[in-house]
Amino acid sequence: MSGVPELKIIDPSGGSSDSPATPRQQQLCAAVCAVIEADERFRALHQPALSRAEINAGLPETGPGYLYLRYDVPGAVPQEFWGHVGKTQKLAWKSGQVCVPLPADAPTIGT
Amino acid sequence: MKFWPLLLTLAGALGGAAGAYNLQAPILPDPRMTPGDSLTTDPAVICVPGYTKSVRNVPQALKEQIYREYGITSRESGEYEIDHLISLELGGSNSARNLWPESFQTQPLNAHVKDVLENKLHELACGGKITFPAAQQAIAQNWEEAYVKYVGPLPGGVTPARMPAQPSIPVTHVPSLPRGASVPQVATPAAAPAALPDPHQKTPTTPASEPPAPEDPSDNGDANEKVAPNPDGSCPADAPVKVSRSGIYHLPQGDTNYRQTRAVACYADAQDAQNAGYRGVK
């Protein structure tokens, strides 16, 4: 997760919010990145670098599309993924959707 | 004869559907919600046949959220699509900032018309006639104006509309005002109301007050260290001071109006803004 871009909150009323991401949102982002970066198909990409991380705040954290991630791949198609919280860990490579479980007692309020 | 009831039912259903279409659906996206977002500008990537199929699809849940954000709570089959403002074939991304509901049913402008522009820009950019950043900027700024510039007159003789929040005037065209001067007319679209429009309001007949913005990057080499605002009206981090359309500059710290101010120009600090002739908040 080194060199990770700022996790931006996309406000449903328009534009990006100035509110910082909560620890739980950051935890989700880290967990989803870990799943993606452990995948063999991802590891076959040449020097992918995380360039964008956005929370679509209009969606619940369990909604597909809640977290948007983008990895730039020099000279190739950037890879977009969407992460959300679910019961079991799963990466659907074709759709780019990643589901990760987070503990229910994980922090939900930013400090 | 037994087919007549079926035909009548079908006709009734079709008529009902046509009557239910929202013909006042937005023709242009709300630039606050959909400023446009680029995935790549690399022709070596975008111009490869099959490129758009290599880009993933937007999750349906996110599409539904985009509809809700635009206030569309019900829709007919085939009425809308969630459109990429900067289309995939022009290197647009799947970020929510690049997505908006576009109607197929509004007349004379609709998603099919924008598709023509997208194809034309793709052809021009892949042919080396324009750059992908220029194509992306043109379609994100105002696709109707871009259509006129790159394709020709809009269908039905419609004049391109202009959104009040649209950063339509390149920063180099914003005049430097003397202290205490009033609204810079060049930077204020004459036909634009002061408030942001209802995103549902179709405004195809609003006359454009300015031609499409030139896209020569050399235009940005301006004096006074003036920096162009971002498409959403914010300023870049290295030039955070916002100048509003009324010629007042707003500082990021201690100014309660800063966040809601849509910049027409940005400066690194207050002194630069003052040197350019703008005044601070009283």
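**Figure 1. Polar contacts across the interface of chain B and chain A in the predicted model.** Nine residue pairs are in polar contact across this interface, counting pairs in which both residues have pLDDT 80 or more. On the side of chain B that touches chain A, helices α3 (51-54) and α4 each contribute at least two residues. The largest share of that side comes from α4(B), which supplies five residues. By class, the residues on this side of chain B comprise ten nonpolar, eight polar and eight charged.

**Figure 2. The extent of the contact between chain B and chain A.** Chain A brings 30 residues to the contact, and chain B brings 26 residues. Together the two chains bury about 2,100 Å², with 53% of this area on carbon and sulfur atoms. Within chain B, the residues that lose the most area to chain A are B:Leu39, B:Arg56 and B:Pro59. These three residues together account for 31% of what the chain B side buries.

**Figure 3. A salt bridge between B:Asp37 and A:Arg70.** Two salt bridges are counted between chain B and chain A.

**Figure 4. A salt bridge within chain A, between A:Arg24 and A:Glu61.** The side chains of these two residues meet at 2.8 Å, N to O. This pair links distant parts of the chain, the two residues being 37 residues apart. A:Arg24 belongs to helix α1 (residues 23-38) of chain A, whereas A:Glu61 lies in the loop between β3 and β4 (67-72) of chain A. Over all chains, the count of salt bridges comes to eleven.

**Figure 5. The second largest pocket and its lining.** The volume of this pocket is about 280 Å³. Its lining consists of 18 residues. Those that lie nearest the centre of the pocket are B:Glu81, B:Ile82, B:Asp83, B:His84 and B:Leu88. Two elements of chain B, α4 (60-69) and β1 (80-84), each supply at least two lining residues. The largest share of the lining comes from β1(B), with four residues. Sorted by class, the lining holds seven charged, six polar and five nonpolar residues.

**Figure 6. The cis peptide bond between B:Gln107 and B:Pro108.** The bond that joins these two residues has an omega of about 0°. Most peptide bonds are trans. B:Pro108 is placed in the loop between β2 (99-103) and α5 (111-126) of chain B.

**Figure 7. The backbone at A:Gln47, a residue with positive phi.** Phi of A:Gln47 is near 50°, a positive value in a residue other than glycine. Most residues other than glycine have a negative phi. A:Gln47 is found in the loop that runs between α2 (40-43) and β3 (49-56) of chain A.

Note on methods: Residues numbered from 1 in each chain as written. Chains lettered and ligands numbered in written order. Predicted model: local features only at pLDDT ≥ 70, side-chain atom pairs only at ≥ 80, totals over all residues. Heavy atoms only, no water. 1 Å grid on protein atoms, 1.4 Å probe; cavity = no way out; pocket = protein on both sides within 12 Å on 5 of 7 lines; lining within 4 Å. Points joined across faces, edges and corners; volume = space filled by probe spheres on them. Nonpolar A, V, L, I, M, F, W, Y, C, P; charged D, E, K, R; others polar. Contact = heavy atoms within 4.5 Å. Buried area = accessible area lost by both parts, 1.4 Å probe. Salt bridge = Lys/Arg side-chain N within 4 Å of Asp/Glu carboxyl O. Polar contact = N/O pair within 3.5 Å; in protein donor to acceptor, adjacent residues only side chain to side chain.
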